[in-house]
Amino acid sequence: YISFYNEVIQRVSSLPGVVSVGMINTLPLQKGPTRGFQVEGQAPLTPDKWPGGNYRSVSPDYFQAMNVPIVQGRPFNERDAEGAPLVMIVNEALARRDFQNENPVGRRLSLGPDAQGRPVWWEIVGVARDVRSIELREEAAPEFYLSANQDTFTNMSLVVRTSVEPASISA
């Protein structure tokens, strides 16, 4: 699927007036999947006690297209692909809750074990500004983002930032 989505992004990016294009598995203001995780170096917990967060899979330019700043670390890039070390970006709410006053960049979370029962670790490479992605009246919930190049969904939504009236390029 990822090659299809990358082709769509490339084609839409070439349209006049398009500033940036990204993709996400669940658009903001929609309830997406949630996942529990284990923080490396913290006391081991059974999976039913793991902290959790809203879980989003995004393309490398998603944050730019949505004007969501990466406030620590870096955004995803094309090198964060299948076969490369697994990476994630967390939001400020998750960083505050699970890392208190520590910088989470460089820390690792496990979303679960591999087939042999060993934890699969994802390195935090960035912290994104909080967005109210579930409900506008509620504070931002803890969220983490995985690179769609490493965690592809069959259904992704396109987000486009333009310098022209969006309706003029929708066709």
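Guide: The conversation below takes up terms one at a time.

Guide: This is a predicted model, in which local features need pLDDT of at least 70 and side-chain atom pairs count only at pLDDT 80 or more, while totals for chains, interfaces and linings use all residues. Residues are numbered from 1 along each chain as its sequence is written, and side-chain values use heavy atoms, with hydrogens and water left out.

Visitor: Why is Asp 151 called buried?

Guide: Buried means under 20% relative accessible area, exposed over 50%, and partly exposed in between, with a 1.4 Å probe and protein chains only. Asp 151 has a relative accessible area of 17%, and is therefore buried.

Visitor: Where is Asp 151 placed among the strands?

Guide: Asp 151 is in the loop between β9 (143-147) and β10 (157-162). Strands (E, at least two residues) and helices (H or I, at least four) are DSSP runs, numbered from the N terminus.

Visitor: What makes the link between the side chains of Asp 151 and Tyr 55 a polar contact?

Guide: A polar contact is a pair of N or O atoms within 3.5 Å; within protein, one must be able to donate a hydrogen and the other to accept it, and residues adjacent in sequence count only if both atoms are side-chain atoms. The value for Asp 151 and Tyr 55 is 2.4 Å, so the pair qualifies.

Visitor: Which residues does Asp 151 touch?

Guide: Contact means heavy atoms within 4.5 Å. Not counting residues up to four places away in sequence, Asp 151 touches Tyr 55, Ser 57 and Leu 146.

Visitor: What makes β4 a mostly covered strand?

Guide: Strand β4 (residues 52-58) has seven residues, and six of them are buried.

Visitor: How do you know that β4 and β9 pair?

Guide: Two strands pair if DSSP finds at least two bridges between them. β4 and β9 have five bridges, in the parallel sense, and therefore pair. Val 58 stands opposite Ser 147 in β9. Strand β2 (residues 34-36) also pairs with β4, over three bridges in the antiparallel sense, and there Gly 36 has Gly 52 as its bridge partner.

Visitor: Which strands does β8 pair with, and in what sense?

Guide: β8 runs antiparallel to β5 (residues 70-73), with three bridges, and parallel to β6, with five bridges. With β7 the sense is antiparallel, over four bridges. In the hairpin of β7 and β8, five residues lie between the strands, and Gly 117 takes a positive phi near 85°.

Visitor: What makes a set of residues a nonpolar core?

Guide: A nonpolar core is a set of buried Ala, Val, Leu, Ile, Met, Phe, Trp, Tyr and Cys residues joined through side-chain atoms within 4.5 Å. The largest has 15 residues, and those with the most contacts inside it include Phe 37, Met 88 and Leu 146. At least two of its residues come from each of β6 (87-91), α3 (92-99), β7 (108-113), β8 (119-128) and β9. Apart from it lies another core, of 13 residues, among them Phe 76 and Val 159.

Visitor: Which residues of α3 are buried?

Guide: In α3, Ala 93, Leu 94, Ala 95, Asp 98 and Phe 99 are buried. The buried residues of this helix pack against β3 (38-39), β6, β7, β8 and β9. Just after α3, Gln 100 takes a positive phi of about 40°.
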